[in-house]
Amino acid sequence: MKTKKLLFITYAAIIAAIYVVLTFITQYFGLASGTIQVRLSELLVILPFFTPAAIPGLWLGCLLANFLTGCILYDVIFGSLATLLGAIGTYLLRKHKYLCTLPPVIANMVIVPLVLRYAYGFIFEYAGKDFSIPFYMLTVGIGEIICCCVLGSILLKFLSPYRNIIFKT
């Protein structure tokens, strides 16, 4: 029993560390935060398909990555919440190989635009009207589709044959 708990904690810690490293790599190219985001670390949100240990690992990784890359407190809290909700959704849809990539996209498309608009104060106006939320839903959504649906599906396909070797739970 203790071995199983230790393995769970170890998986969560490794996933958190990989999330942080991938976020720093993405930050180097200026794509980890802002109105246009293609955060490579988000491809890891398919890992709850393989192990429930990924849920706290992804949440902690996002929390640390947001904090360490200089995000404001609201982004640290609500951005991490979006990743947590997405990871839980992925886990709940683990029996549906390709649908499981959608919850992180949806969670981030709903939460992150609100953070960008109201916490950071980013405004996108056209013809005197505020289109910030729909515009940021579009930009964040495109980045999430690239990372979660496209790259995440590639990772899912690559890891599936090794499921019982890598994720011994």
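**Why these labels?**

Student: Why is A127 called exposed?

Tutor: This is a predicted model. In it, A127 has 70% relative accessibility. Exposed means over 50%. So A127 counts as exposed.

Student: Where is A127 found?

Tutor: A127 is in the loop between β1 (125-126) and β2 (129-130). A127 also has a positive phi of about 55°, although it is not a glycine.

Student: What makes I9 count as exposed?

Tutor: The cut-off again is over 50%. I9 has 55% relative accessibility, so I9 counts as exposed. I9 has its place in helix α1 (residues 2-28).

Student: How many residues apart in sequence are I9 and A107?

Tutor: I9 and A107 are 98 residues apart in sequence. In space, they are 25 Å apart, C-alpha to C-alpha.

Student: Why is α2 called roughly antiparallel to α3?

Tutor: Take the angle. Helix α2 (residues 54-68) and helix α3 (residues 73-92) pack at about 160°. Angles over 145 degrees count as roughly antiparallel. That makes α2 roughly antiparallel to α3. Their axes are 8 Å apart, and the crossing of α2 and α3 is right-handed.

Student: Which residues make the contact?

Tutor: From α2 come I55, L58, W59, C62, L63, N66 and F67. From α3 come D75, V76, G79, S80, T83, L84, A87, I88 and Y91.

Student: How do the residues of the contact of α2 with α3 divide?

Tutor: They divide into 11 nonpolar, four polar and one charged. Gly counts as polar, and G79 of α3 is one of the contact residues.

Note on methods: Residues are numbered from 1 along each chain as its sequence is written. This is a predicted model: local features need pLDDT of at least 70, side-chain atom pairs count only at pLDDT 80 or more; totals for chains, interfaces and linings use all residues. Side-chain values use heavy atoms; hydrogens and water are left out. Helices (H or I, at least four residues) and strands (E, at least two) are DSSP runs, numbered from the N terminus. Buried means under 20% relative accessible area, exposed over 50%, partly exposed in between (1.4 Å probe, protein chains only). Axes are lines fitted to C-alpha atoms, for helices over the stretch in contact, and angles run from 0 to 180 degrees between N-to-C directions. Angles under 35 degrees count as roughly parallel, over 145 as roughly antiparallel, 65 to 115 as roughly perpendicular and the rest as oblique. A crossing is left-handed if the near helix is turned anticlockwise from the far one by less than a right angle, and right-handed if clockwise. Contact means heavy atoms within 4.5 Å.
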